[in-house]
Amino acid sequence: MTAQRIYDTVADDFSRVNDLIIKRLSSDVPLVEKIAQYIIESGGKRLRPLLVLLSSRALGYDKEDHLKLAAVIEFLHTATLLHDDVVDTSDMRRGRSTANARWGNAPSVLVGDFLYARAFEMMVELQSLRIMEVLSHATAVIAEGEVLQLMNVKNPDVSEEKYMEVIHNKTAMLFEAASHTGALLAGADEDREQALSAYGKHLGLAFQLVDDVLDYRGDAQAMGKNVGDDLAEGKTTLPLIYAMAKASDDEKQLIRRAIRKGGLDDLPRILQIVNQSGALEYTMEKAREQAALAAACLEAIPESGHKEALVMLTEIAVARVS
């Protein structure tokens, strides 16, 4: 099953979610609608709403509210992107200018706030306290993850444990919430609810670990960002943590100075150290471990095309580096 076939599994649902997203972006303030549509339509894979659709369908859900829930998840994700780009002073995402680069920081933050508000309006319409509980908790955890990452900027002493906490909060949490609430919507029993929640967590970690590898191995056209962007922003990701653990004292000090300084002055030498240390292979092995854990969570889910698609997502997550 290819990536396209995964989307084809819920093609009609996915199309209807896209229509609903556009409909619910409407605003009486033209700039709100313009910025929101710009970021929503910027070419993302919409993995998180896809997880809602697949998780709920895999458990036999046959009503309509999964469309609204998928749109809620996409609005929450888009709001975090708008805020992230302002915090990171990013000027490029998915190969296009960021909203803050085009319209400025203040409008980007405020439109992010609008999307959070619209998401919570739609969440109330679902009339499920459990879903509201999961999504409101996830939103708080994601914000904490952003603050943790901000605290760690230009800090070369971030441990692997702290790094994993940050990427769980900042990235994996919304994957987890998407598959978890999909299960809740389908009326899953506790075992299957927890299985799909854990599935989303491990899948999200796998995707983020691979993204961190691609920051040292990818290219701007494929990634929508430049090689070394994390280093330029002073972010200590797992490839650098591992490289510092294995490097000579001089190499370790070079990496530490580069993290503290930010920028790309030492990128060629650091790329060489990272590659020679085995850091990318180590990080990929951790990604494969998380993908395998995600796949194992699906053992309790009945066989179906939707379950098959969920399994294939775990394989695609770690196949993006080849």
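## Exercises on a predicted model

**Exercise 1.** Leaving aside its neighbours within four places in sequence, with which residues is D85 in contact? Is D85 buried or exposed?

Solution. In this predicted model, once neighbours within four places in sequence are left aside, D85 is in contact with S90, R93, T98 and N100. D85 itself belongs to helix α5, residues 65–87. Its relative accessible area is 2%. Buried means under 20%, so D85 is buried.

**Exercise 2.** Describe helix α4 (residues 47–58) by its span and its burial.

Solution. Start with the span: α4 has twelve residues and reaches 16 Å from its first C-alpha to its last, close to the 16 Å expected at 1.5 Å a residue. Next, burial: the buried residues are L47, R48, P49, L50, L51, V52, L53, L54, S55, S56 and A58. Eleven of the twelve residues are therefore buried, and α4 is largely enclosed by the rest of the structure. The cover over these buried residues includes α1, α2, α5, α9, α10 and α17. Just after the helix, G60 takes a positive phi of about 85°.

**Exercise 3.** At what angle do helices α14 and α15 pack, and which residues meet?

Solution. Helix α14 (residues 249–261) and helix α15 (residues 267–277) pack at about 130°, with axes 11 Å apart. An angle over 145 degrees would count as roughly antiparallel, and 65 to 115 as roughly perpendicular; α14 and α15 are therefore oblique to each other. Their crossing is left-handed. From α14, E251, L254, I255 and A258 meet R269, I270 and I273 of α15. By type, these contact residues are five nonpolar, no polar and two charged.

Definitions and conventions. Residues numbered from 1 in each chain as written. Predicted model: local features only at pLDDT ≥ 70, side-chain atom pairs only at ≥ 80, totals over all residues. Heavy atoms only, no water. Axes fitted to C-alpha atoms, helices over the stretch in contact; angles between N-to-C directions. Helix = DSSP H or I, 4+ residues; strand = E, 2+ residues; numbered from the N terminus. Parallel < 35°, antiparallel > 145°, perpendicular 65-115°, else oblique. Left-handed = near helix turned anticlockwise from the far one by under 90°. Contact = heavy atoms within 4.5 Å. Nonpolar A, V, L, I, M, F, W, Y, C, P; charged D, E, K, R; others polar. Buried < 20%, exposed > 50% of the residue type's maximum accessible area, 1.4 Å probe, protein only. Expected span 1.5 Å × (residues − 1).
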